[in-house]
Amino acid sequence: MSDRQDSKTESAVSRRVLLQGVAGVAALAASPPLAFAQAAPKEAPELARMVAENRLPPLDQRLPRNPMVVTPHETVGRYGGTLRRGLRGSSDHNGILRMVGNQGLVRWNLEFTQVLPNVAERWDVNATATEFVFHLRAGMKWSDGKPFTADDVVFAIEDCTKNSELYRSVPSVLTIGGKPAVVTKVSDTAVKFAFEAPYAMFLENLATPLGQHPTLFPKHYCSQFHPKYNSGLDAQVRAANLSDWPTLFRARCGDIEIPSRWGNAEKPTLDPWVVAEAYTGGATRVTMRRNPYFWQVDPNGAQLPYIDQLTMNISQDVESLMLDTISGRIDIQDRHIDSLQNKPTLSQNMQRGGYRLVELVASGAQQCMIYLNMTHKDPAMRAMFANKEFRQALSLGIDRKEIIDLVYLGQSEPYQTGPRPGHPWYHEKLARQFTNHDPAQANAILDRLGYRRGPDRMRLRPDGQKVFFAIDVIPTLYPDAVDTLELVKRHWAALGVDIKVNTIERALYYTRGDNNDHDAATWPGPGGLDPILDPRDYLAQHPQGSRYAIPWTQWYVSGGKEGQEPPESQKRRMKLFDDARATPDIAKRGQIVKEMLDLTAEDFETIGVCLAVNSFGIAKNNLRNVPLKMPQAWSWPNPGPALPQQFFFTA
């Protein structure tokens, strides 16, 4: 089914979701129930043995007074087994986050339509959406058995995320109107977040991966790496041969999106599995073992997770992951193997590998977004990229039909960006402008702008230099983007514009972007069904993702203290974005978003290729409680919100 054919379904679901105040995805199909439901013991056999040997407290002393009860997707499970998954290289940390790191104060439901209790068992919100009081689970513990209380949340926000040495600016999830939350302890099991302005979408933002800071840093452990609590920290920094205390803190306690989050087996967590073999340089695998203090149970009161251990082997190429998958050596995987070109091979080998395919519902807007760096350090490059007509000419020079037919097997349509077709906030101009292939018009624009052709028919800038730039892309993550860019390279060469498809490793990709060293970059464009949760392509608000103008993002998130001041249209959109997040009324929020998208369409800052397509993954046939369909989104970091702690093996 094409995306146009499916737009009625998307429209109905999106309207239902927006009425609830959350951007969502298509309704997910339920898996058929298993023919049996085996009653499980109350805890894993290995933990029961440890209790019997007095090496671990009894279960009732490890669980909170009111543990979170997880309703299994199919049936209650059984204990045991090792779940195998693959990682790629030294910077695939989000592959671990998506599987394990879903333990924030709140969480998404399976359908991506509602925020549910999680670490917080309930919350109170005042009438103006400026104060949120979260009630924590009494008796809840970190993975080392130490109590988890409101003190941990206050420490994580007030001492860590608001510390200017540790964070250049307070994470945007924790700010509204340029002002951060003030977090105070109400009691051991209650903590208040107070904002100066209404923040109607605070809960939705907390449910995303970037909302995990409140539960990320155990005070009893991480305070030893903080100068407020350790006067002898300089000696520790020197002993670790590091430059300063923030570097030591991140090495020991990590952050949401860096490898060191999974690089220290000593750091306590709230996750269902805890690190045993760490994700460090030179590692060939990461292993994680069950958390004996995990705070969730199934409906029978059996402590989760069901699965004993996770093993994530680190591969250096997709071919190795594919071979492991079709040979039955991976239990659940979509990351890195989910290109359409791999689907026939994976489909043909289902019986051999003993797995089934799982559908991933696209929530993104764009399959391959091209970001020209409008804040380039080179003034001539900056002037070229910042010229809207130059960007329009390049867009008109792309033969999107050829790309869709050859790379995406006809399963998409030309698209720039914006909410997906059928979404209540769909914006025709933003989505469709300059997507027709018109090389004559493109050449006319470039001629008018003064980019004359040289003797080799390639164009020259007004300063006489060749029109040439590199587009950064990560081949291990997005092989389809490499294929797409190779075709774009040919299309633009016909216009006299030369590019390099710059295939680089993920860590270098981030380093170049963070330092504003890139000419251009590509990434799948989000915001198709979650336009307020991830609007990085509509305004410069994502410090790593808005790659057409990272310094503008730094200006926005720092309240104007860092980065580069953006043009008025961007500043207006930043204000509208804050207003939309603060507006509880859905109709009024939609009006604000329309104005924001109008400005985005007018400025035409990014170049899209085609509408994001549904993807897929695999799950072994004996791995149960895995939904047949899941959203695919960074805001819903699949498969984490499907609660892998309730996955189990039948044999």
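Helix α19 (residues 506-514) lies across β18 (468-473), β19 and β20, running at about 110° to β20. The structure is a predicted model, in which local features need pLDDT of at least 70 and side-chain atom pairs count only at pLDDT 80 or more, whereas totals for chains, interfaces and linings use all residues. Residues are numbered from 1 along each chain as its sequence is written, and side-chain values use heavy atoms, with hydrogens and water left out. Helices (H or I, at least four residues) and strands (E, at least two) are DSSP runs numbered from the N terminus, and two strands pair if DSSP finds at least two bridges between them. Axes are lines fitted to C-alpha atoms, for helices over the stretch in contact, and angles run from 0 to 180 degrees between N-to-C directions.

**The sheet with β17 and β20**

- Four strands form an open sheet in the order β17-β20-β18-β19, and the pairing is mixed.
- The edges are taken by β17 (366-372) and β19 (498-503), each of which has a single partner strand, so one side of each is left without a neighbour in the sheet.
- From one strand to the next, the twist averages 30°.
- β17 runs antiparallel to strand β20 (residues 520-525), and 5 bridges join the two.
- Within this pairing, Y371 has A521 of β20 as its bridge partner, while M369 stands opposite W523 in β20.
- β17 is mostly covered, since 7 of its 7 residues are buried, where buried means under 20% relative accessible area, exposed over 50% and partly exposed in between (1.4 Å probe, protein chains only).

**The sheet with β2 and β14**

- A further open sheet of 4 strands has the order β2-β14-β12-β11, again with mixed pairing.
- Its edge strands, β2 (82-88) and β11 (273-277), each pair on one side only.
- Neighbouring strands of this sheet are turned by 25° against each other on average, direction ignored.
- β2 pairs with strand β14 (residues 309-315) in the parallel sense over 7 bridges, and within β14 it is N313 that stands opposite G86.
- Helix α4 (residues 93-100) packs on the sheet, where it touches β2, β11, β12 (285-290) and β14, and its direction makes about 150° with that of β2; contact here means heavy atoms within 4.5 Å.

**The helices α13 and α14**

- Helix α13 (residues 379-386) packs against α14 at an angle of about 65°, with the axes 5 Å apart.
- α13 and α14 are therefore roughly perpendicular to each other, on a scale where angles under 35 degrees count as roughly parallel, over 145 as roughly antiparallel, 65 to 115 as roughly perpendicular and the rest as oblique.
- M384, F385 and A386 of α13 make the contact with K388, F390 and R391 of α14.
- The residues of this contact divide into 4 nonpolar, no polar and 2 charged (Ala, Val, Leu, Ile, Met, Phe, Trp, Tyr, Cys and Pro count as nonpolar, Asp, Glu, Lys and Arg as charged, and the others, Gly among them, as polar).
- Helix α14 (residues 388-396) is mostly covered, with 7 of its 9 residues buried, and F390 and R391 are among them.
- At the start of α14, a side-chain oxygen of N387 comes to within 2.9 Å of the backbone nitrogen of E389.

**The residue L357**

- L357 belongs to strand β16 (residues 355-362) and is partly exposed, with a relative accessible area of 22%.
- Leaving aside residues up to four places away in sequence, L357 touches K343, L346, S347, M350, F616, G617 and I618.

Notes: Polar contact = N/O pair within 3.5 Å; in protein donor to acceptor, adjacent residues only side chain to side chain.
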